[in-house]
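Good morning, everyone, and thank you for making the time. Please have a look at the sequence and the structure on the screen, and then I will talk you through a few places in turn.

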Amino acid sequence: MAHVVAGSECWPYTGGASEFDVDAATVRELITALDQRFPGLGDFVDRRMAFAIDGEIHQDAWFSPIGPQSQVWLIPKIGGG
Amino acid sequence: MSETLEKPAVLPALTVVGTRPIRPDGADKVTGRAAYGADFTMPGQLVGKILRSPHAHARIVSIDTSKARAVPGVKAVVTGADFPDLASEVHEGGESASNLRDLANNVIARGKALYEGHAIAAVAATRAEAADEALARIKVTYEVLPHVTDVLEAMSPSAPVLHDHLFTEGLEARPEKPSNVAKRHRLARGDVAAALQAAEVVVERRYTTQAVHQGYLEPHACVAAWGQDGRCDVWSSSQGQFMVRTYCAKILGLEIADIRVTPAEIGGGFGGKTTVYLEPLALALSRQAGHPVKMVMSREEVFRATGPTSGGVIEVKLGAARDGRITAAQVEMSFQAGAFPGSPVGAATMTSLACYDIENFLVTGWDVVTNTPKVAAYRAPGAPIAAFAVESAVDELAQTLGLDPMDIRERNAVVDGTKASYGPVYQNIGYRETLAAARESEHWKAPLGPNQGRGLAVGFWFNIGGESTAAVHIAEDGSALVVSGNPDIGGSRASMAMMAAEVLGLPIERVRPIVADTASIGYSMLTGGSRTTFATGMAVVQAAEKVVQTLRERAAKLWETTVEQVEWKGAQAVCLDPAKADKKPLTLEALAAQAGRTGGPISAQVSLNAQGAGPGFGVHICDVEVDRETGQVSVVRYTAAQDVGRAIHPSYVEGQVQGGVAQGVGWALNEAYIFDGDGRMENPGFLDYRMPVASDLPMIDAVLVEVPNPRHPFGAKGVGEVPIVPPLAAVANAVSRAIGVRMADLPLSPPAVLAALDDAAA
């Protein structure tokens, strides 16, 4: 099970929960699983958040792999100038 | 002077990457041949101009355009009523999220004017004089409303509210009333209150910065032509032709494929050209007039109506042990967003402590709308403001503890394996190496003169990858064309050509890079976020590798052997098949000349979504000299060390570093939006908005530290954002140490420094 840490942006969907374990092998599977557990969160993180998987930030990448021992941080998407 | 510190054990030997060839855009720019946004003209084109609000906040009661339409030569007049009303929808425009309704309402006002300079109407006429006369004859009836430009005043419950639909996001419960506070961002770890209570030393201070403009020399400009069959063409200066295409389609309700956007040469962007202002208006005017329409902003319009970055108020409280170990950090930031939500305070919260390994922290960011122009991205958006406050506080902590400012940063530095303050665990970062490079520099060891002070500051930026497309075409003579969809704002044409040349084995002179229009290359996210050399470069490398594969296949066919028996080396195919020992190498020229007979043209295009951009760190040293009679601050020496992964073209990388420092020095010393009591900007020109020029700056020494990014074929990391992060604090720390007074409010203009000296003397 991947360990997911959700930033404050996600708390309205999680009821304030910030850490949970999710069974997902890809970002897309994670999005689906999050939406099933916290309705609306999957769509929100898909549109607004990036996925820091074991330290590497993935944006808009549904098929990035997630390992069974991965740490996944949900952080706001990064832009720049 | 520049120096490059390499780790040769992990950097492969390359023949083109890492060299300093002549820049491909250089001759055009120095001879005046380069065509910028305002240089393009079309037969029958009209002049488009904009009527802007004279009020900082006003309800638009009515707009009467009848007299304007009657002016001879006037062919079109548009107002907000000529554009579709868009629903509130957050659109990922490629780099950062934009609310389409806000974007459209910033292009032209509907219902209310939200800042002085907000576009109210636009006209197109055969002559500029007719357009000006038409603007004068548009009658707008305003109901002037109370306004607010100061960020803290805007957060007050008694402040005039800009948007009735704006309820603060990010709180535990939705507020009952709308306010100007759009969003709260928060990062937390550990127990900061207990850690501050237990800390042996605590420093605490409030810092302020003012809104500053990106200051690109080229004003926004475009030509738009709406065809009778509904196909539209736009020529404009921006950081992303695909971004312009998407936003125009959304704002005007068009099919994206019906718009073709051709990028002009860009005269600076720095983040400020990552959105649209003129293009939708020019298209709407062209549709009505049946002629192409050209629009060019004046400098005054650029200041009054295009995005500066936020002014901010930042409170920092640091707790530490006597040995300098920082045990607690509390940071609260309030940023002006301008007329619509979307300040860079979110990124500021994430970057504020990114250089430090701290067990207990609470970082809060408030995004606040004000009656000022909507902010736009500016290099490393938000990070310089946060770094100014945090790096100043760390400097004050070092002084309080009697520690060397380099020591305290080394003692608290993040390394591989540290959990970043914004979440992920760092890997392959070069921060410690960058600190070491700064410590080893001649500058750090040099003595100071009278009335001089030395400031140290560090900075961080994430860097990103994202969607990019690139193509490599081999011409019949064996030269190569590299096509990308990213405007070149910092040397990307050179880096694209160099990476292709490296893979193909060609000399750089035989590779020509071009930036294509939206109909000639696949989609690419805009140029920004320090992504282009990393992400588009990855696409170029992969396209070049595909071309090499094709060349090997063609040689294998000619030699009647397998492709595995063909090696590509030095721009030629070499036969490895022992049974074909008589075969002489086939050059790229020879294979290109026979391309038609061996299977057709040789080219490849790659589209990808690059992940794995490595973060960047910078360490800056600044020496200033203060004239105690006038308060004038002179920057007398500056060194900027940065982990750049691998410098594809070191001169360009040094230029990026030097440019970021120059902009940061201006931000620190002089630049500021100044508003009068009616919320009108008082200094919308370069005479009164003081940006640094060459004579204000010393030679800026760039120290390139190369800790390669393993996720890029040549180890590249983004470099354009980091260099503007540390300078505000580096300058302020230098001034504070020179005069013995902590300077916490930017800009450090002569009156401000003189006042601080007078206060200290009193």
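Let me begin with a term: by a polar contact I mean a pair of N or O atoms within 3.5 Å, where, within protein, one atom must be able to donate a hydrogen and the other to accept it. With that rule, and bearing in mind that what you see is a predicted model, ten residue pairs are found in polar contact across the interface of chain B and chain A, both residues of each pair being at pLDDT 80 or more.

How many salt bridges are counted between the two chains, chain B and chain A? The count is one, and in that salt bridge the side chain of A:Glu56 meets the side chain of B:Arg711, at 2.0 Å from N to O. As for the extent of the interface, the contact draws 32 residues from chain B and 21 residues from chain A, while the area buried between them comes to about 2,200 Å², with carbon and sulfur atoms giving 54% of it.

Is B:His57 buried or exposed? Its relative accessibility is 3%, and because buried means under 20%, B:His57 counts as buried. Leaving aside neighbours within four places in sequence, the residues in contact with B:His57 include B:Lys112, B:Leu145, B:Val161 and B:Asn371. B:Asn371 is 314 residues away from B:His57 in sequence, yet the two are 6.4 Å apart in space, C-alpha to C-alpha. B:Pro146 is also among the contacts of B:His57, and the backbone oxygen of B:Pro146 lies 2.7 Å from a polar atom of the B:His57 side chain.

The last stop is a sheet in chain B, an open one of three strands in the order E25-E26-E27, with antiparallel pairing. Strands E25 (566-569) and E27 (586-587) of chain B stand at the edges, and since each has a single partner strand, one side of each is left without a neighbour in the sheet. Between E25(B) and strand E26 (residues 572-575) of chain B, the antiparallel pairing runs over four bridges, and B:Trp568 has B:Ala573 as its bridge partner in E26(B). Across E25, E26 and E27 of chain B lies helix H16 (residues 532-559) of that chain, which runs at about 135 degrees to E25(B).

Technical notes
Residues numbered from 1 in each chain as written. Chains lettered and ligands numbered in written order. Predicted model: local features only at pLDDT ≥ 70, side-chain atom pairs only at ≥ 80, totals over all residues. Heavy atoms only, no water. Pairing = 2+ DSSP bridges. Helix = DSSP H or I, 4+ residues; strand = E, 2+ residues; numbered from the N terminus. Contact = heavy atoms within 4.5 Å. Axes fitted to C-alpha atoms, helices over the stretch in contact; angles between N-to-C directions. Buried < 20%, exposed > 50% of the residue type's maximum accessible area, 1.4 Å probe, protein only. Buried area = accessible area lost by both parts, 1.4 Å probe. Salt bridge = Lys/Arg side-chain N within 4 Å of Asp/Glu carboxyl O.
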